[in-house]
Amino acid sequence: MLSKKVKSRIFFLFFVSILAVAIIFFTFRSLEENVVYFLSPTDIYNKTDIPFKKKIRVGGLVKINSVKKSETSINFIITDLNKEIIVSYNGLLPNLFSEGKGVVAEGKLKDKKYFVADKILAKHDENYMPPEVKKALEKSNN
Amino acid sequence: MTMFKNFFPSKILLLKNKVINSLVVLLAIVLVIGLTYSLLISPPDYIQGDSVRIMYIHVPSSFIALGCFGFIGIASICNLIFKIKFMSLLAKSLAPIGCVFSLISIVTGSFWGKPTWGTWWVWDARLTSMAILFLFYIAYILTWKFIDSFERANKTSSIIGIIGLFNLPIIKYSVDWWNTLHQPSSITLTSAPTIHYTMLIPLIIMFFAMIIYLLIIFLMRYKTEVMKFKIDKKKNYE
């Protein structure tokens with residue numbers, strides 16, 4: 001069977017691996033705020049120590065029928081189907097920005113319900129299909 | 001096991017050019033079918049339009065980049081524990097291929113991100129961990145390049161290979177563990193793919209094309225590495 005030397009090497013590597021996994025786990029846990037790319041409206045609602053001065057990102061779905069465009073700004077609501085947040089933005093929107101689709105807004109919170117964005121990114125979901133299939137799906141849903 | 005024996009250093013030197021040539025022919029056929037299907041026949045996406053076609057390069061490259069490093073990591077473990085020399089030669093020949101594929105994945109992803117997300121790059125968990133994988137590849141390759149003694153290069157590169165192994169589950173599950181701009185996987189083992197079959201078929205064909213390409217370059221590199229190793233050994237004896 002395995003020689004003593006090999007066995008000790010296996011044991012050593014096993015031990016080091018467990019240690020490494022633990023270190024990685026705790027590092028990521030303490031860095032959670034930096035690893036998470038955006039907060040959901042629910043996260044913001046639940047958080048007690050929200051930085052109002054610092055730039056943060058809010059992500060979720062653009063609520064259907066919530067986009068209001070005026071001459072100077074665009075207002076819409078980001079929802080995670082639980083809590084909502086009103087976003088005001090002044091600038092170019094990405095092509096894929098549309099109601100009912102994912103979005104990430106970067107900017108500053110005015111208060112827990114109101115967010116002033118200076119950058120909008122569209123978030124794509126994991127669904128890929130041709131336009132005809134999408135139409136057929138919508139028909140069968142109605 | 002018999003198939004595995006073909007990768008033993010003494011066997012690989014018997015590898016005929018004919019094998020490589022027939023693989024090249026096969027690659028040409030699969031690649032032409034794959035590219036025609038993915039660029040011409042397959043439909044545009046309902047929301048992304050034609051930029052969905054970038055996926056047919058992006059997804060297989062990322063997959064291979066991860067797979068190659070997975071192999072390098074496992075080979076590094078075998079190498080450190082059991083001291084099997086040819087394992088490190090296998091890993092060494094695989095590293096530049098995986099490195100190129102990870103770069104392709106990052107660049108094509110960036111090209112896709114601009115029209116879709118509205119940005120070339122963000123520091124979210126998926127993109128960052130993928131960039132770290134690329135750096136691990138570079139570090140792995142550089143240790144072989146800059147450390148002259150085989151024994152020392154072998155040990156150092158194996159340690160890099162093992163450390164890099166921990167990054168792989170982070171890449172894979174980053175989209176599930178944390179909020180990321182990158183979307184979660186469309187193809188999973190547990191549920192039906194969320195990608196329509198007219199797009200799934202070209203994706204699979206392109207995946208096979210890239211695997212064949214990987215195999216060709218790998219066999220050529222591995223043969224060269226074994227030759228180099230044997231020549232160096234002989235020189236040291238003389």
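Helices here are DSSP runs of H or I, at least four residues long, numbered from the N terminus. With that noted, I looked up B:Lys172 and found it in helix 8 of chain B. I'm working on a predicted model, so I keep to what it shows.

**Entry 1: B:Lys172**

Setting aside residues up to four places away in sequence, I see B:Lys172 touching B:Arg126 and B:Ser185. I also checked B:Pro184: 12 residues separate it from B:Lys172 in sequence, and the C-alpha to C-alpha distance is 9.4 Å.

**Entry 2: the cores**

Next I went for the largest nonpolar core, which has 58 residues. The members touching the most others are B:Leu133, B:Phe218, B:Leu219 and B:Tyr222. Which helices of chain B each supply at least two residues? I noted helix 3 (17-41), helix 4 (55-82), helix 5 (85-116), helix 6 (125-146), helix 7 (150-165), helix 8 (167-177) and helix 9 (197-237). Helix 9 of chain B gives the largest share, 14 residues.

I then picked out B:Leu219 and listed its contacts, again skipping residues up to four places away in sequence: B:Phe7, B:Ile12, B:Leu15, B:Ile20 and B:Leu23. Another core, of 18 residues, lies apart from the largest one, and its members include A:Ile56, A:Val87, A:Phe97 and A:Ala105.

**Entry 3: helix 5 against helix 9, chain B**

For two packed helices, I want the angle between the axes and the distance between them. The axes of helix 5 of chain B and helix 9 of chain B come within 9 Å, crossing at roughly 135°. That angle is why I call helix 5 of chain B oblique to helix 9 of chain B. The crossing of these two helices is right-handed.

On the helix 5 side of the contact I found, among others, B:Phe86, B:Leu89, B:Leu90, B:Pro96 and B:Phe101. On the helix 9 side, I wrote down B:Met210, B:Tyr213, B:Leu214, B:Ile217 and B:Val226, among others. How do the contact residues divide? I have 15 nonpolar, one polar and four charged.

**Entry 4: B:Ser93**

I finished on B:Ser93, which lies in helix 5 of chain B and takes part in the contact with helix 9 of chain B. Its relative accessibility is 0%, so B:Ser93 counts as buried. Leaving out neighbours within four places in sequence, I list B:Phe218, B:Arg221, B:Tyr222 and B:Glu225 as the contacts of B:Ser93. B:Phe218 and B:Tyr222 had already come up in the largest core.

Terms used:
Residues are numbered from 1 along each chain as its sequence is written. Chains are lettered from A and ligands numbered from 1 in the order in which they are written. This is a predicted model: local features need pLDDT of at least 70, side-chain atom pairs count only at pLDDT 80 or more; totals for chains, interfaces and linings use all residues. Side-chain values use heavy atoms; hydrogens and water are left out. A nonpolar core is a set of buried Ala, Val, Leu, Ile, Met, Phe, Trp, Tyr and Cys residues joined through side-chain atoms within 4.5 Å. Buried means under 20% relative accessible area, exposed over 50%, partly exposed in between (1.4 Å probe, protein chains only). Contact means heavy atoms within 4.5 Å. Axes are lines fitted to C-alpha atoms, for helices over the stretch in contact, and angles run from 0 to 180 degrees between N-to-C directions. Angles under 35 degrees count as roughly parallel, over 145 as roughly antiparallel, 65 to 115 as roughly perpendicular and the rest as oblique. A crossing is left-handed if the near helix is turned anticlockwise from the far one by less than a right angle, and right-handed if clockwise. Ala, Val, Leu, Ile, Met, Phe, Trp, Tyr, Cys and Pro count as nonpolar, Asp, Glu, Lys and Arg as charged, and the others, Gly among them, as polar.
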